[in-house]
Amino acid sequence: MTRKSRISSVLAVLGLAVGATALPAATAASPAPIPVQVLSLTDLHGYLSETENLTIAGPSGTQQVGGAGYLKAHLDKLRAGKPNSFLIGSGDQFSGWPDYTQAFANEPTIEVLNALGMDFDVAGNHEFDREFPFLRRMTTGACYGTPGFDSCFKDSTGKSFHGTDYAYHAANVVDPRTKRPVLPPYWIAQAGTQRIGFIGLGFPGTPHETLSIEGSGFEFQSLVEGANRAAAELKAQGVNAIVVSMHEGGQQGGLYDECKNPTGPIFDAARAISPDVDVILGGHWHTAFKCMIPDPDGVPRPVLEASNHGRILGEVNLSLDPATGEVIRSATTATNHAVTKDLTPDAGIQQMVKYWMDKWAARREQPLTKLDRDLDFAKTAESRTGNLVADLYRAEADSDFALVPADLGVDVIAAGLKAGTVTYGAAWPVAGISPITTLSMTGATVERVLEQQWIPPAYGCTRLSALATSANFRYTYDLGRPVGDRVDPAEVLVNGKPLQLGRTYQVTTSAAMPLHGAQYGYPGFQQYGDLVRAPRMGQEVFLNHLRTHPLLEAPALGRVTAIPGTPPPADGPFGPLKFLPQHEMTATATSQGSSAYGAAAAIDGSCSTMWHSNWSPHAPLPQYITLDLKTPRAIEALVYTPRQDAAVPNGRISSYDVRTSTDGTTFTSVVTGTWDGSVDAKIARFPAGTTARYVRLVGLAGGADYAAATELNIALAPGS
């Protein structure tokens, strides 16, 4: 279908007149059912190159998958001989992380999606990364910033960016004033003599995602509410074949084309969404499944998710009654296909991807500025990079001052720069894509935030953080004082004047702080008034600053002054405990998500690493991790530090069984119980006199049916 006819379909949805489509003449013989093929693609995130080394677990072992050229080859094979074939997205296609797409405003992804023949997509949470106007420009081709530097690059054909050849949809994203969808809720397509409707549903949690924080101002309604309202409208228009595509998902314990113990919000919604809907496609969870879930009338219908990054293509084949347009449910088939590399990749797409990869290689060498001295970077102390980023944050937001966390990684500040000529490639990773956000905070809250740079000991997971400050904000802290009492407000200066505890200040920071400050160790950042998001992200501001300053002076140090000293000893939240050094034990687990999430990560003393049970394929609970103490020990307790990263409850164990053994074979349960879902350390105290060499933590229930542990520590019995 052409872009013009797709837009006409959208206009028809919005109540505007379009030309009628002539239907073929009826024949004397009873007409055959109308075949319809629905192909599903989700969460591509701009992963276009086959060099990403993507894999997926298949029936005969690990399969090499992915790459836009192979994706097109599989699409062509699946479409062959299918007259009514539609490629339907479930969101998060263009907004993602590969440098070669992000550096060009995600325009390479749109060029590829257009070439793949995308018919329909959903506005997922990442489509709102830069707020609603950015999503609009992706569909219209409008430029922003400096053309050729920030946006509107020449594509592989030499033409300027023109936007998508398809529309974005979300029936459940509405204007709170009018209660009307801000995007087309659905698309109606012709399939032979009948029509089929495709409903889009956005991720309900979008306003609470770090990159999307309160960016749209829209109301994100429930999946069921949005789907049922749109389905009723389609039925009223005589559309009797309906597909829902949502940016929400779930998980199961089998391979990509299986459905073992399915759980998650897509399955909850599938059991409640109107029986008028015939197919439900999902995304967001980066998982794969092919399920048949009964609708509210008890009739099975396919529910699919097609993994992520172009690893999987979902396929649903429908048969429409030529007289009524109803789907003949008994004839429905569904399959998930791995995008394997045993086909010849499409040459045109391969050339398109190569063009952008070559363009990225050339851009990395582009000089931006000359730097007079090194921009050093540190997560736990003042640095010149942190100072520069904080200055740019404040200038972009025009606030009273900036406090920017330096230990959140690639989304905020990730690296420094060497003196001399600074290229685009060197500058690219320094400042991340976190939105620049300004909060109204009292001076008393600001003081609490400063104190929160030093997290009290959490039994093996301590942290010294650092907040980068703008040039007009200076303070002194005393390391000889206890944690929580190291900053004297009289020694905190704003524009040379002491911080006023009762005054309200406009404080610029990363969007991660008002959303997830407590889970990053900064609960004070969640005590704010008004929130205003700046129009540009940190990385964009940083790169443009270098581009427009051909000779750059690194900012001086001296904004933060430390008074040396030794703090008094502090017990953790469970009182004094004597811990077995973690290096004296080893750990094994029933499963792991990857080598980076192995059992050893739970005994390495780091807050930023963790053991996590396998997610692809999903390994359902119970899952467990076993500590070998190397010799029998008298044990008082096990201390569990849950997953620490923000707003991700997956794996935080809520119901547990701790078992012990002397031989590593026969285990006995010594304590069971429940823990809350917070990131705070938890304790499981053992019965008096417990002695064991092996200690096993069994996760019976946990976030999203996973088990994870940032740290595990063994408290030895007193006197042992």
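Author: Two strands are said to pair if DSSP finds at least two bridges between them. Strands themselves are DSSP runs of E with at least two residues, helices are runs of H or I with at least four, and both are numbered from the N terminus. The model is predicted, with local features needing pLDDT of at least 70 and side-chain atom pairs pLDDT 80 or more, while totals for chains, interfaces and linings use all residues. Residue numbers start from 1 along each chain as its sequence is written, and side-chain values rest on heavy atoms, with hydrogens and water left out.

Strand 8 covers residues 186-191 and strand 9 covers residues 194-201; the two run antiparallel and are joined by 6 bridges.

Strand 24 (residues 473-478) and strand 25 (residues 487-494) are linked by 4 bridges in the antiparallel sense, and Tyr-475 faces Val-492 of strand 25. These strands belong to an open sheet of 4 strands with mixed pairing, in the order 26-25-24-30. Strand 26 (497-498) and strand 30 (560-563) are its edges; each has a single partner strand, so one side of each has no neighbour in the sheet.

A helix gives a further case of burial. Helix 4 (residues 107-116) has 9 of its 10 residues buried, which means that the rest of the structure largely encloses it. Among the buried ones are Ile-110, Val-112, Leu-113 and Leu-116, and also Glu-107 and Glu-111. Gly-117 comes after helix 4 and has a positive phi, near 85°.

Thr-332, in the loop between strand 15 (312-320) and strand 16 (333-338), has 12% relative accessibility and so counts as buried. Leaving aside residues up to four places away in sequence, Thr-332 touches Pro-302, Val-316, Asn-317, Leu-318 and Val-327, a contact being heavy atoms within 4.5 Å. Ser-595, in the loop between strand 32 (586-589) and strand 33 (611-612), has 73% relative accessibility and so counts as exposed. From Ser-595 to Trp-611 is 16 residues in sequence, and their C-alpha atoms are 9.4 Å apart.

As for the whole, the chain holds 13 helices and 39 strands. Its radius of gyration is 28 Å, close to the 27 Å from the globule rule for 720 residues, so the chain is as compact as a globular protein of that length. That radius is taken over C-alpha atoms, and the rule is 2.2 Å times the number of residues to the power 0.38. The C-alpha trace spans about 95 × 70 × 50 Å along its principal axes. Buried residues are 55% of the 720. Among contacts with a separation of 6 or more, 76% join residues 24 or more positions apart.

Definitions and conventions. Buried means under 20% relative accessible area, exposed over 50%, partly exposed in between (1.4 Å probe, protein chains only).
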